[in-house]
Structure formats: structure tokens, C-alpha cells
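Hi everyone, thanks for coming. Let me put the structure up on the screen, and then I'll walk you through a few places in it.

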Amino acid sequence: MQTVATSLFLSLILLQSCREAANNAADYTGWTAYAGTPDGMRYSSNDQINKGNVKALQLAWTYSTNDHDSANRSQNQCNPIVIDNILYGISPKLKLFALNASTGQEKWIFDPASEDSNSHLDPYAYYKVSRGLVYWEGNNESEKRILYSAGSRTYAINIADGKPIRSFGENGFIDLTKDLDRVNGSYNPFIVNTTPGVVFRDILIIGSRVAESADGAPGHIRGYDIRTGKRKWIFHTIPHPGETGYDSWPDKDAWKKLGGANSWAGMSLDEKRGIVYIPTGSIAGDFYGGFRKGTNLYANSLVALDAASGKYLWHFQTVHHDLWDRDLPANPNLLTVTHGGKKIDAVAQITKHGYIFLFDRENGNPLFPIQEKPVPTFALPGEEAWPTQPIPSLPEPFARQKFSEEDISDLDPQTYPELLAAYKKIKYSTMFTPPSKEGSWIFPGFDGGGEWGGAAVDPESATIYVHSSELPWSLTMIDVPTSGNAHMKIDDGKAVYNKYCISCHGPDLKGNGPSYPSLVDIDKRLNKEELRKTIDNGKNMMPSFKHLTEQEKNALLSYFIPNADNGSLKSETSEVSKEPGSHSILDEVPYTMTGYNRFLDRNGYPGIKPPWGTLNAVDLNTGKLIWKVPVGEYPELTRKGIPVTGTEGYGGPLVTKGGLVFIAASKDSRFRAFDKKTGKILWEAVLPVPGYATPATFMVDGVQYVVIACGGGKIGSPSGDKYLAFALPSDKGQ
């Protein structure tokens, strides 16, 4: 017979267990980190706004920094955070600001240009991208700080007044171009941080964006002391001698000369286990890999590291020897699934090619079988394509996996024959057909499928929600052209152009869309000083080419402005030359691409049958696709009776306990809420420009707000600088 004492003892144990469970449970009521919480869920347990009342949602406040670019070159992809009822966000010019989260009233603003004496040299220095920020509070009020990146600098900012904390790093910032453990400096020094890292205890863990040419910098992951800014650890994504993965490289000197394998898309943290999960991109030099034979570890991999030390735990490579720019595009999502009748803590990683890879969080074991399937290996001379690629049996893909003749858009009888003719000019076999001079279709496109907006997960149902663009792009390779006469300035300039610029701006200088503009008659738009600044500092998607020699830079200037006198730009000679015996990894790249070319009709619509942009719900317990709906529309097509097509877009979803999925992302400048169970649209609002960002939601003084940054600037959209906050009328939020 159970005694009273025994019963009381068991009750105390149960109470303690409940308390421990509550303490270990993640708090999803706020939005204190990029993607909401360090586990990257993009989920909120707030349900004041719900399926029953979302139609009443209205604009609560608007904040503008008034620093977007009037020529529509700026963007804003920031996912803001809220700490103690103060919202912290970033402007198109990378200014950091603090607002009253319930009114939008500015508290303070920090301008990184005021800290950079060289910023005046580059008119586009701060029209770059920073998608979010990190908060850390330390042991007392005085240690509270915001960490965020502006270009190659990561600042520590006092949360109280917006001033740099001078004891951190180099007078308030870390220079990401330093402490990379490269034995020599032979790489493109372009290194910036676009997506924030994570904080584990007193360590800031961050990745980087580097140049994607073969001479790109190494993309090693680094952990910094958050108080001092000193590097505490580094994980070499191109392993050094003696490190795990080093023996997989046929070239034992790869670590000395190759770059990339960087984490530009963010990361997620299991705070309880002390594990950080890091997705990586490809080895620099996207479409030809003859100089980087092998599988290329740890490129295109989800890597799990001990967050305290940077020690390797496990990895899975989602693409071997990447020849298609299949970077992992977003931070993974940490969640719990029911699998085989058991609860398993898992990590889900979306990809550009429309797959979801699902692993046991502790050991990296796949929760559904992943098959190494044979793929074509015929390739350009010198290339050694990997013979298999990993394909998950489940979860089901969230993007279409083929682009065939029957998929060509037939919405317009006049454009269909043109699209068909263009399709037949390009060779297409499979998703993993190696690049060739005959050309191939990249589908889903270079930007996805899944992209940097990431996915959202509902922990109650283990359903993942992901936005997908479904637009084919063409990839055609050519020999790297050489100059005709090494003593002629125009040919020297063309040789430099062919080496560094042709892959984005094309052999005819015509470019491809707003991200890769035409350089035809560039001398009529920019003078030589402006061109020189652009070469040195980059602009928008273009990285800096400051590392070029003076001769190379002046040869380019002479190519673009043939009659210019470049003597004032330090030019001693027009001949392109380097130190005797010098060697660049670019010298080992015999082929280049003709440009990033979307498959569009003459009216600018995608050349594939709709949908062109979708929101997808996938059950990660079963791996089954639940629903797929279009996101965005072209009103002129809808008026013709054509069903809603969706649009190409950028930005992630937000899912809430209130039964809603919020997403902007579409080209039509709309912000929408969908029923998370059915995909039915329940609410939409018109934005000043497209919201190519991920929304955030939070509670202040009993009111739930949803905020979206409206930056536009991509795929031909106008640029903006506004943040819009929505809430229910006071009588609806009770």
C-alpha cells in the first residue's frame, strides 16, 4: 500500500520534472533572434491574430529611414528582432536602428558610414544586404549589445544608446577579412556577412559571403569571444592537413588555394545540446571544377559542430562536386518529429533544387532513406563530374523536378513558338547534367526552389512551410576568350573582362536583368572615377575587385572608356602583368559561363507553365506534401481569366499558433496570410514595394504585431526603405 510520504515524494518528482521540461521548452512568444529563435523555426506561439479575425488586420505604424536608392539598386531583406518592447532593424544603407515596437517611433540610429573613413570613396558602399542581427545580454545591464554586419565589419553596438562598444574587436568591430588561417594572401579579399550568425553562451558564431569566382576567399566558420571580439575557434570548411575530411581531397594543397564552402545563409543552434548546424555553399568557381577534383568537402554540406569549441561532430553533403551553384540557401529548422512511433529531435534542411533533407539532430542519421543515384558524367575536357548525387526518398520535393517540352508556357499563342524555339536551342537531360557548351537548363533555377528566405515549421504538427520560385534558367559554357594582341590596350582590357566579368555581364556586355546590368555604353553613364570605385568596391550583387592589379584595373577602364586618360589612376602602363612567376587559380579555369539567363517570354513572363511561385506545406512526420498554392499574381493575366500564376519571389514565411502562415515575397507587392491547414488565402495587404524579406511577429502591451521590411530592388522591382507593422483594431484583439 502506497504511503502518504511516498505519494508526496512522487508528486515532488513529477513537479520537478514538469519545471525542468518547462525550462527546457523553447519560448516562441517573442522574436529575439533571426528567424525568431536560435532554432530557426520562424514560428510564433502568439495567437491573438488568428484565422477567425485576421481579416480585420490593419496597418498600425510605418517607419522609414529615407535611404533607399532612387535608381532602384538598393534592397532590404532584414528580419528584425524585438527585445524588451524595442524593435531593432536595418535600413537599405545598413544603418542599425531602434524603435518603439508599438508605435514605430525612433529611439536611436547608428550609421556605419560614420565609422568608416573610406566609405565616401564608394557611393554604393552601404547599398549592400544585411538580413538580420544578433542580441546578447551577458550578465548585467551594461553588457547588453546588438551584433550586426555592415560589409566586412561586424559591429558590437550598445543597446542603450546605439554607440559602438570600443572594447570589442578593433575599436568596436571585427574585420572578417582577417584570421582566416590562409598561408598566403592569394585570394579575392571580398568577404562580407549577409545573414547573422548565432550566439552560444559568450561566443558569436558567424559565416560569410565570399566571391564566387575561382579565386574566392575561404569560407571558414568562426567563433568569437562576444565580449572582446577575439577569435576563439575556427572550423576549416576546406579541411587542413590532419583534420577530418582532408583525405577526401585528391589535391592535398587544396586548402592553400581554394575558397568558398562558406555559410552565407545563416545557421541554427540547439542550445540544450550545444550544437550549431551550419549549411554551406559550393567551392568558389561555380560551374567548372577541373581544378577542384573530388566531392569537395565541406562544400554543399550541412555541418554539425560543437558550439563551444568548433569541433566537428557530423556532416551530410547534399551535392557532390557542385557544378550548378547549388549552395544550401537557408538556415536549417530544428524540430521534433514522430518517426517509427518515436519522438525524434530532428534537423530539416531545404535546398535550391526543391528537396528537404531530414536528419536525427544528434548523429546525422537520415530519417528517410537517401539514395545515391547515378547521374550523367560526360563533361567538358578537364572536368571530372561526380557519378552519383544524393536524392531523398522522402520528404516529397516542394518544387517540380523536371522541365520538358510539354512544360513550356502556352498562355500566349504568339509567344509559345518563340519559347519553343528557344527551348530547343538548349540541351537538357537531367537536373545534374554537367555544364557544357551546348547548354543546359537549370531547374529549379539558380535562385531556387528554396532560397534564403528559408522555411517555417509548426512544432505542433511538424509541418514545414517553404516558398519556392519555379523558373528555368539556362547555363551555357564557352572557352575563356584570350586577347588578340597583348600589346594593345583594348585587347588587354577585353582579356581582363573575359576573366572576371563575362560570367555575369555576358560576352556582348548586355548583362541579364537588374542584378547583372548591361555595360553597353557604360561610359555614357559613369566617368572613369565612378567606374574605378565600382571595380574597387563592388555594387549590389557584384563583389569587390580591389585585388586586381593596377594594370588590370586600368586595362578594364580603357576597355570601357577607350579614350580615357587613366594616368591619374596610378597607371604606369596599359599592359596586363603580374609579378614574374605569379600564378592565380583563375589561370586554371579554361571555361566560363555566358551569364545568368532566366527563361522569359518577350513580355517578361516565365517561359514555363504556372505556377511560378508557390507556398508549400510538407508533413515531416510522413514526408508527404500536404498542399501547394500560388503566391503572387499578375493582375493583367488574372483579368484575362487565367488562374492565379504566382510570381518569382524572395523571402520566407512565418507560421503561428493562430493557424496562419504570413508571407510577402511576391513580385506584386502584397503581404498575405494563409490558413496553415488548407493553404486558403485569408487576408492580404498592399505594400509600397515588394517585401523581399521574412516577417516577424511579437506582443507588446497585450497587442500582437506583424512586421515586414519592404525593400524591393530585386527582379526589376522599385526600391523602398519602409517597415510596416500590422495589428488588429483594439476591439478585435481582446
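In which loop does glutamate 470 lie? Glutamate 470 is in the loop between strand 28 and strand 29 (473-475). Before I go on, a word on the ground rules: this is a predicted model, where local features need pLDDT of at least 70, side-chain atom pairs count only at pLDDT 80 or more, and totals for chains, interfaces and linings use all residues. Residues are numbered from 1 along each chain as its sequence is written, and side-chain values use heavy atoms, with hydrogens and water left out. Helices (H or I, at least four residues) and strands (E, at least two) are DSSP runs, numbered from the N terminus.

Back to glutamate 470. It counts as buried because its relative accessibility is 1%; buried means under 20% relative accessible area, exposed over 50%, and partly exposed in between, with a 1.4 Å probe and protein chains only. Its side chain makes a polar contact of 2.6 Å with the side chain of arginine 400. By polar contact I mean a pair of N or O atoms within 3.5 Å; within protein, one must be able to donate a hydrogen and the other to accept it, and residues adjacent in sequence count only if both atoms are side-chain atoms. Leaving aside neighbours within four places in sequence, the residues in contact with glutamate 470 include Phe398, Phe443, Trp612 and Lys628, contact being heavy atoms within 4.5 Å. Proline 610 is 140 residues away in sequence, yet 8.3 Å from glutamate 470, C-alpha to C-alpha.

Now the sheet. Strand 28 (residues 463-469) runs antiparallel to strand 33 (residues 613-619), with seven bridges joining them; two strands pair if DSSP finds at least two bridges between them. Serine 468 faces threonine 614 in strand 33. These belong to an open, antiparallel sheet of four strands in the order 27-28-33-34. Strand 27 (455-458) and strand 34 (624-630) are at the edges with a single partner strand each, so one side of each has no neighbour in the sheet.

Next, arginine 131, in the loop between strand 6 (106-110) and strand 7 (134-136).

My last stop is strand 41 (residues 719-727), with eight of its nine residues buried. Strand 2 (residues 58-64) pairs with strand 41 in the antiparallel sense over six bridges, and tyrosine 63 has tyrosine 723 as its bridge partner there. Strand 40 (residues 703-712) is also antiparallel to strand 41, over six bridges, with valine 706 opposite phenylalanine 726. Strands 40 and 41 form a hairpin with six residues between them, and glycine 713 in the turn has a positive phi of about 85 degrees.

To zoom out, the protein chain has eight helices and 41 strands, and 60% of its 734 residues are buried.
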